[in-house]
Amino acid sequence: MAARPLSPHLSVYRFAYTMALSILHRITGVALAAGLIVLVCWLMAIAGGEAAYARFTAVMGQGLLQVVLAGWLLAFLYHFANGIRHLFWDAGYGFEKAQARRSAAIVVAFAVVAGGVLLYLFFCPEGVRS
Amino acid sequence: MKGGTALGRVLGHGSAKNGVGHWWMQRVTAVALLPLTIWFLASLLALHGFDHASVAAWIAGPWHAVLLCLLVMTLCSHSSLGVQVVIEDYVHGHGLKIASLLLSNFAHVLVAAAGVFAVLKVAFVAN
């Protein structure tokens with residue numbers, strides 16, 4: 001191991017939940033990169049015709065993959081909201097500790113509420129949506 | 001000190017006016033994705049069903065096809081820039097890092113090409 005000082009010295013910081021949100025932005029980003037492959041597979045299946053689309057929906061309709069799809073929706077909402085938070089930082093706003101904690105709470109609240117609403121709308125039984 | 005002119009000695013070693021290029025494009029694509037992703041989610045919610053005919057008819061709308069192509073290309077660009085940073089931060093070992101970066105780059109271009117092709121095929125065949 002290098003003897004020189006190494007950053008970012010994660011172990012010397014007292015844990016704060018804003019740190020968890022920070023790494024979660026990366027984790028959701030990487031997860032969404034994988035989701036992008038499935039999004040394009042969906043488009044390719046549509047372009048492939050009805051038979052190809054039926055095979056695709058049969059695979060994605062499985063219970064476990066439905067959970068993964070729901071996870072991608074939540075990951076997107078979190079990454080979307082926290083991305084806006086990052087853009088405000090880039091513009092020079094919201095760096096105070098209290099502001100950063102408040103914006104963190106807003107991001108999580110948005111992801112949970114919007115996630116709940118969208119999950120209901122996308123996954124609710126037939127007929128409720130119209 | 002090697003010879004050559006003062007200009008010759010610094011060329012290729014300093015700023016190529018590209019230092020914030022990656023950082024900036026990550027933000028440009030992020031801003032572009034705000035309206036594009038909202039439009040995409042809203043459109044999915046407005047779809048009457050996810051059967052082949054409904055989805056294909058929606059994609060075939062001219063503006064829908066254009067926006068979908070932009071969405072796929074911008075998502076791939078943003079994702080490529082993001083995954084690149086993650087690889088640079090966490091993948092150690094020169095060879096493995098270069099291989100991972102190449103793989104990620106090629107994969108993102110492939111996904112973008114496939115997405116655009118699929119949208120255009122649906123759009124042109126359906127009409």
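Colleague: At what angle do the axes of α3(B) and α4(B) cross?

Modeller: This is a predicted model, and in it the two axes cross at roughly 85° and come within 5 Å. That angle makes α3(B) roughly perpendicular to α4(B).

Colleague: Which residues make that contact?

Modeller: On the α3(B) side they are Trp58(B), Ile59(B) and Ala60(B), and α4(B) brings His64(B), Ala65(B) and Leu68(B). By class, the contact has 5 nonpolar residues, 1 polar and no charged.

Colleague: Let's switch to chain A. How far apart are the axes of α1 and α3 of chain A?

Modeller: They are 9 Å apart, and the helices, residues 17-47 and 63-90, pack at an angle of about 130°. That makes α1(A) oblique to α3(A).

Colleague: Left-handed or right-handed, that crossing of α1(A) and α3(A)?

Modeller: Left-handed. The α1(A) residues in the contact include Leu21(A), Leu24(A), Gly29(A) and Gly35(A), and among their partners in α3(A) are Trp72(A), Phe76(A) and His79(A). The contact splits into 8 nonpolar and 6 polar residues, with no charged ones.

Colleague: I'm curious about Ala75(A). Is it buried or exposed?

Modeller: Ala75(A), which lies in helix α3 of chain A, is buried. The reason is that 21 other C-beta atoms lie within 10 Å of Ala75(A), and the cut-off for buried is 20 or more.

Colleague: And what is Ala75(A) in contact with, leaving aside neighbours within four places in sequence?

Modeller: Thr28(A), Ala31(A) and Leu32(A). As for Val30(A), that residue is 45 residues from Ala75(A) in sequence and 9.8 Å away in space, C-alpha to C-alpha.

Colleague: Now the interface. How many residues of each chain are in contact with the other?

Modeller: 23 residues of chain B are in contact with 18 residues of chain A. On the chain B side, α2 (21-46), α3 (52-60), α4 (62-90) and α5 (94-126) each supply at least two residues. The chain B residues there divide into 16 nonpolar, 5 polar and 2 charged.

Colleague: Can we look at one helix pair across the chains? How do α3(A) and α2(B) cross?

Modeller: Their axes come within 11 Å and cross at roughly 140°, which makes α3(A) oblique to α2(B). The crossing is left-handed.

Colleague: Who meets whom in that contact?

Modeller: Phe80(A), Gly83(A), Leu87(A) and Asp90(A) come from α3(A), while α2(B) supplies Arg27(B), Ala30(B), Val31(B) and Thr37(B).

Colleague: Last topic: the largest nonpolar core. Which residues touch the most other members?

Modeller: Ile46(A), Ile59(B), Val72(B), Ala118(B) and Val119(B), out of 34 residues in that core. Two or more residues each come from α1, α3 and α4 (97-123) of chain A, and from α2, α3, α4 and α5 of chain B.

Colleague: Which element gives the largest share?

Modeller: α1(A), with 9 residues.

Colleague: And Ile46(A), what is it in contact with beyond its neighbours within four places in sequence?

Modeller: In its own chain Ile46(A) contacts Tyr53(A), and in chain B it contacts His52(B), Val55(B), Ala56(B), Ile59(B), Ala118(B) and Val122(B).

Notes. Residues are numbered from 1 along each chain as its sequence is written. Chains are lettered from A and ligands numbered from 1 in the order in which they are written. This is a predicted model: local features need pLDDT of at least 70, side-chain atom pairs count only at pLDDT 80 or more; totals for chains, interfaces and linings use all residues. Two residues are in contact if their C-beta atoms, placed from the backbone, lie within 7 Å. Helices (H or I, at least four residues) and strands (E, at least two) are DSSP runs, numbered from the N terminus. Ala, Val, Leu, Ile, Met, Phe, Trp, Tyr, Cys and Pro count as nonpolar, Asp, Glu, Lys and Arg as charged, and the others, Gly among them, as polar. Axes are lines fitted to C-alpha atoms, for helices over the stretch in contact, and angles run from 0 to 180 degrees between N-to-C directions. Angles under 35 degrees count as roughly parallel, over 145 as roughly antiparallel, 65 to 115 as roughly perpendicular and the rest as oblique. A crossing is left-handed if the near helix is turned anticlockwise from the far one by less than a right angle, and right-handed if clockwise. A nonpolar core is a set of buried Ala, Val, Leu, Ile, Met, Phe, Trp, Tyr and Cys residues joined through C-beta atoms within 7 Å. A residue is buried if 20 or more other C-beta atoms lie within 10 Å of its own, exposed if 12 or fewer, and partly exposed in between; C-beta atoms are placed from the backbone.
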